[in-house]
Amino acid sequence: MLIEQDISGDLEELMALFKDAPKKADRAIHRALSKLSRWAERQVLRDLSRRMKVSQKLLREMNRIKVRLNKGYGGSKCYLTIWIGVNEVGAHRFGNSRQTRSGVKVGSHHLWEGSFLMQPANASKALIFERKDNWQHRYQQSKRSGRWMWMGLPLEKKTVRIDVETETSLKKISPQLVNRFTDLLHQELNYAFNIES
């Protein structure tokens, strides 16, 4: 007894499907990496804003977090770059500054005792300053008004360190990146080979 099954149509369909496999796989990898970059940016912003007790919008406005998808040499490889600026940030950038009797309060979380608000000639808004430990009164001409007056100098602009929080946020997200990429790549390959034609 001989049973024959004509599978030439099915084979042609499979061969046509895998003929474009490298192109489809490359597109799926690129889409998975771009989704991973957006996910990584959200996670870092979320964690950093929680640690610093400021909004994600404020961190975005400071341009401290940038996630890029870069192509390697020859255009064949892609890699993900997470850049976080860790220079100290001026304390006035964390919200509205208010002078109190004990110092300056910024937003609802930060209070610097012994600090005061002053708007330098080249600044658009008042900055937070504090006198250094070795300050003394000096009689000198003001650069803003041109008048001679007694000034307690030297002054120091108040800044906030963010390097420790950013390093902790990056360490927290780095083990999750590979797992998230494999999930996204699985989804994109499924979409490329089963749904996208």
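Author: In this predicted model, strand β5, residues 103-106, pairs with β4 in the antiparallel sense, and the pairing runs over three bridges. Two positions show how the strands line up. Gln99 has Val104 of β5 as its bridge partner, and Ser97 stands opposite Val106 in β5.

On to the next pairing. β5 is also joined to β6, by four bridges, and these two strands again run antiparallel. Here Gly103 stands opposite Glu113 in β6.

Put together, the strands make an open sheet of three, in the order β4-β5-β6, with antiparallel pairing. The edges are β4, residues 97-99, and β6, residues 110-113, each of which pairs on one side only. From one strand to the next the twist averages 20°. As a general point, strands of a sheet pair through backbone hydrogen bonds, in either a parallel or an antiparallel arrangement.

His92 lies in the loop between β3, residues 89-90, and β4. Is His92 buried or exposed? His92 has a relative accessible area of 10%, and because the cut-off for buried is under 20%, His92 counts as buried. Leaving aside residues up to four places away in sequence, His92 touches Ser97, Lys125, Ala126, Leu127 and Ile128.

In general, two packed helices are described by the angle between their axes and the distance between the axes. Helix α2 covers residues 21-52 and helix α4 covers residues 163-195; their axes come within 7 Å and cross at roughly 150°. Angles over 145 degrees count as roughly antiparallel, so α2 and α4 are roughly antiparallel to each other. The crossing of α2 and α4 is right-handed. Sorted by class, the residues in the contact of α2 with α4 are 22 nonpolar, five polar and nine charged.

Definitions and conventions: Residues numbered from 1 in each chain as written. Predicted model: local features only at pLDDT ≥ 70, side-chain atom pairs only at ≥ 80, totals over all residues. Heavy atoms only, no water. Pairing = 2+ DSSP bridges. Axes fitted to C-alpha atoms, helices over the stretch in contact; angles between N-to-C directions. Parallel < 35°, antiparallel > 145°, perpendicular 65-115°, else oblique. Left-handed = near helix turned anticlockwise from the far one by under 90°. Nonpolar A, V, L, I, M, F, W, Y, C, P; charged D, E, K, R; others polar. Buried < 20%, exposed > 50% of the residue type's maximum accessible area, 1.4 Å probe, protein only. Contact = heavy atoms within 4.5 Å.
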